[in-house]
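This report describes a ligand site and a sheet. The sequence and structure are shown below.

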Amino acid sequence: MADATYDAVIIGAGHNGLALGTYLAKSGLEVAIFEKRAEEGGGLCTEELTRPGFLHNVHCNYHTLVGVSPVYRDLELDKHGLRYEKPEVQMGSVFDDGTALTVHRDLDKTCASIARFSQKDADTFRRLVEETKGYMDLILTTLMFTPPLSMNDITKALVAWGVEDKAEFLSVHLRRLNINQFLDQHFENEKVKAHIAFHTSLGGYSTDRKGLAVTLPLLVGKIDNWHVCVGGSHALAHALWEGFAHAGGRVFLQHGVDRIIVEDGKAVGLELEDGSSVRARQLVASSINLEQTFLKMVDRSVLPDGFAEAAEASPHMDWSYFSVHLAMTRPPQYKAAQFDPDIDQAWVVNVGYDSPAAINKHWETMRSGKLPNACPNAAVNSLFDPTDAPEGHYTGLLRHFAPYSLNPGGPEAWDQMAKEFAVSCIEKWQEAAPNLKDGAILDWATYSPLDISRRIPNMVQGDWMGGLIDLDNMLDQRPFPELSQYQTPVKSLYMCGATQHPHGFITFAPAYNALQVIADDYDLERWWR
Ligand SMILES: Cc1cc2nc3c(=O)[nH]c(=O)nc-3n(C[C@H](O)[C@H](O)[C@H](O)COP(=O)(O)OP(=O)(O)OC[C@H]3O[C@@H](n4cnc5c(N)ncnc54)[C@H](O)[C@@H]3O)c2cc1C
């Protein structure tokens with residue numbers, strides 16, 4: 001491209017880059033985003049992977065913070081065509097003994113389903129949800145949509161709000177427990193525990209990691225807030241792009257960034273892969289990974305001692321996702337519908353984990369680079385959004401927690417193993433829903449952790465979260481203390497993507513929080529709430 005100058009330039013047009021760009025453009029800045037791929041959206045990617053007309057969400061499928069994240073409202077994304085469906089039966093588990101558990105938007109129905117396994121657990125679940133309900137959104141907003149506090153400050157704030165005593169679940173001792181231990185302390189039925197453990201795992205919160213129990217009440221409190229993005233997840237990227245363009249912003253696709261230009265310790269522009277450069281009058285923001293930003297794009301000489309090493313040492317997620325995308329002629333009818341007919345209407349279904357121990361075993365297997373026996377989770381979006389498949393057809397998704405690097409063979413072994421593992425995932429689904437045999441599946445395509453890192457260059461090692469979710473890598477420790485407040489050691493260079501607090505997922509929170517810091521630094525008028 002011809003050399004040009006903007007007020008702000010942003011690296012990466014994922015949802016975080018697009019959101020930050022739009023806020024800044026609406027604040028009167030001239031903003032350009034530079035994106036390596038041929039489309040905007042990053043993880044918001046929808047493609048016809050199997051057959052024409054079947055819209056597969058290659059990465060993000062579950063939008064869980066709709067109505068909580070302030071960005072939807074501030075950027076009026078509904079005015080740019082964004083629509084969501086919120087399934088009545090949000091998720092479920094089918095168990096090998098023919099039983100099923102379902103989670104509904106209606107708490108009474110969820111508790112009735114849990115009570116079929118344990119009345120005590122149903123009462124505990126109700127108490128957990130109801131006790132946190134009054135201040136859930138306040139806590140979530142405070143935790144996620146402000147630059148990070150320390151864990152100690154949060155504990156003090158809970159006491160000041162007067163919720164800490166009442167919310168036994170949020171007390172300090174949770175920091176020492178993993179999610180399994182919390183579940184064992186409060187719930188009695190293995191299947192109920194398995195479903196809750198499955199739900200937290202889907203969000204990247206490994207159930208055996210010390211301290212993550214502290215997040216459990218928040219995760220459970222939003223267990224009924226999972227949304228289908230109508231027309232596929234890329235519809236959100238499109239709405240964001242449209243809002244950004246309306247505000248005067250420009251996205252340059254297929255314009256990978258090679259280097260950040262630093263003069264006198266200040267970021268003043270970008271060098272692009274095609275050899276051209278752009279200048280930034282005010283600021284540069286990076287929504288991508290630490291390796292590219294700090295080990296490749298800037299000289300180590302402009303970073304303080306130890307900073308590059310800290311970026312290098314920052315841990316990636318220790319598991320990733322393997323997906324099978326399916327073109328289907330009918331939706332699943334589970335054997336377990338004889339036990340609970342609602343399971344056939346559930347959006348996200350755990351197929352195979354009967355106990356937290358089964359999930360734990362899989363964490364261990366995956367950390368050693370082995371593939372576990374198949375226990376996929378299944379979703380058929382067309383049940384709620386028929387526009388995502390040709391008339392009378394269905395688009396299916398099977399996901400499985402999976403290692404990035406296989407043992408033996410390393411990441412490359414995925415190219416040999418993917419088909420075989422996909423077949424075992426499909427067979428496991430068919431076992432639970434026998435109507436999926438005999439011509440129900442027209443076609444399928446695999447998408448491995450290696451494919452993730454090939455497609456999205458910042459998702460290094462298939463890291464779909466921008467870094468490990470761990471107590472030592474959260475809040476003001478994410479990605480490491482010196483980089484936790486969105487500013488960097490390079491003046492006018494900000495971080496605004498999934499590497500930052502709170503983490504990946506379609507939350508917009510890293511961008512929103514970076515915006516607050518930028519607004520302070522540049523004296524921007526806060527037109528947003
Ligand atoms: C298989 C899978 C399933 C997932 N499922 C869900 C889900 O159901 N729900 C959910 O909320 N989240 C899910 N996620 C996570 C979610 O997709 C990410 O957390 C989210 O996309 C992060 O957003 P971001 O804007 O920070 O970064 P990204 O979406 O990664 O965007 C960064 C952009 O920067 C671009 N880029 C990289 N390097 C350069 C460069 N050198 N120059 C210019 N541009 C560059 C990339 O091409 C990309 O477009 C999933 C992820 C994966 C991989």
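## Strand pairing

Two strands are taken to pair if DSSP finds at least two bridges between them. In this predicted model, strands β14 (residues 348-351) and β15 (residues 377-380) run antiparallel and are joined by 3 bridges. Within this pair, asparagine 350 has asparagine 377 of β15 as its bridge partner.

Strands β14 and β15 belong to an open sheet of 7 strands with mixed pairing, ordered β7-β6-β14-β15-β16-β13-β17. At its edges are β7 (100-104) and β17 (441-447), each of which pairs on one side only. On average, and with direction ignored, neighbouring strands of the sheet are turned by 20 degrees against each other.

Helix α7, formed by residues 190-202, lies across β6 (89-94), β7, β13 (320-328), β14, β15 and β16 (394-402). The helix runs at about 125 degrees to β6.

## The ligand site

The ligand is surrounded by 35 residues, of which Glu35, Tyr62, Asn458, Phe505 and Ile506 are the closest. By class, the shell divides into 17 nonpolar, 14 polar and 4 charged residues.

Of the 1,000 Å² of accessible area that the ligand has on its own, the protein covers 99%.

Note on methods:
Residues are numbered from 1 along each chain as its sequence is written. This is a predicted model: local features need pLDDT of at least 70, side-chain atom pairs count only at pLDDT 80 or more; totals for chains, interfaces and linings use all residues. Side-chain values use heavy atoms; hydrogens and water are left out. A residue is near a molecule or strand if one of its heavy atoms lies within 4 Å of it. Accessible areas come from the Shrake-Rupley method with a 1.4 Å probe; for residues, only the protein chains shown count as cover. Ala, Val, Leu, Ile, Met, Phe, Trp, Tyr, Cys and Pro count as nonpolar, Asp, Glu, Lys and Arg as charged, and the others, Gly among them, as polar. Helices (H or I, at least four residues) and strands (E, at least two) are DSSP runs, numbered from the N terminus. Axes are lines fitted to C-alpha atoms, for helices over the stretch in contact, and angles run from 0 to 180 degrees between N-to-C directions. Contact means heavy atoms within 4.5 Å.
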